[in-house]
Amino acid sequence: MKKGAKHDPASKHKIAQSMRGRRNAVGNKGGQPGRYQPEYARLVYHYCLLGAVDQQLAEFFSISLRTLHHWKKRHVEFSESVKAGKSIADAKVAKALYQLAIGYSHPDTYISVYNGQVVLTPTIKHYPPNVTAAIFWLKNRQSAHWSERPKTDSSRPAQVYIRREETTGDIVIDRYDDGSWVDQLEKQLSEPVPSDF
């Protein structure tokens, strides 16, 4: 608009309509160019090998999590690098945890000084199994057998039911591991109450 010209709302509307048409014009990419660069695939792979998670990756590239997820969808090489880096890092940690759980040995060199001379003696260094690592491994890999609260096959909880035997008057303890105690209790509650009660 020229300086000193009157403000015309109709002309402003016409300009906005013509801009809308240009947005989808052939050759117009629209918006600010993306920040993604092909070398990011190599960088993200190495950063994932160090154990980085998505939030740290976003901070590393100075982008939002939403943009990071967009890059993973739009750039196959970037997505594959993230998956490969994370998988290799997880595999290395799993291998180290497994070795720690079962114990392991490796060649080593013992360094000593004898009569003023440095002596290098080859040796084998042994690390015994680590109980904490073994428990962690088994709880995660065999949780049905090694959990602190073993899972029962039934969705009903196990229960101990204490009752008095009617004929003898003895205290009887019944354990129902499959949850059938609920059925037993419902059955007894549905029976008529004796008149001398």
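Me: Contact here means heavy atoms within 4.5 Å. So what does tryptophan 71 touch, leaving aside its neighbours within four places in sequence?

Reply: Going by that cut-off, tryptophan 71 is in contact with Arg35, Tyr36, Tyr40, Phe61, Ile63 and Phe78. Bear in mind that this is a predicted model, where local features need pLDDT of at least 70, side-chain atom pairs count only at pLDDT 80 or more, and totals for chains, interfaces and linings use all residues. Residues are numbered from 1 along each chain as its sequence is written, and side-chain values use heavy atoms, with hydrogens and water left out.

Me: Why is H4 called roughly perpendicular to H5?

Reply: Helix H4 (residues 65-74) and helix H5 (residues 76-102) pack at an angle of about 110°, with their axes 5 Å apart. Angles of 65 to 115 degrees count as roughly perpendicular (under 35 is roughly parallel, over 145 roughly antiparallel, the rest oblique), so H4 gets that label against H5.

Me: And what makes H2 roughly parallel to H5?

Reply: Helix H2 (residues 40-49) packs against H5 at about 20°, with the axes 7 Å apart. That angle makes H2 roughly parallel to H5.

Me: Which residues have the most contacts inside the largest nonpolar core?

Reply: Those are Val44, Leu57, Phe61, Trp71 and Phe78, in a core of 14 residues. H2 gives the most to this core, with four residues.

Me: What makes a set of residues a nonpolar core?

Reply: The members are buried (under 20% relative accessible area with a 1.4 Å probe, protein chains only; exposed is over 50%, partly exposed in between). They are Ala, Val, Leu, Ile, Met, Phe, Trp, Tyr and Cys residues joined through side-chain atoms within 4.5 Å.

Terms used. Axes are lines fitted to C-alpha atoms, for helices over the stretch in contact, and angles run from 0 to 180 degrees between N-to-C directions. Helices (H or I, at least four residues) and strands (E, at least two) are DSSP runs, numbered from the N terminus.
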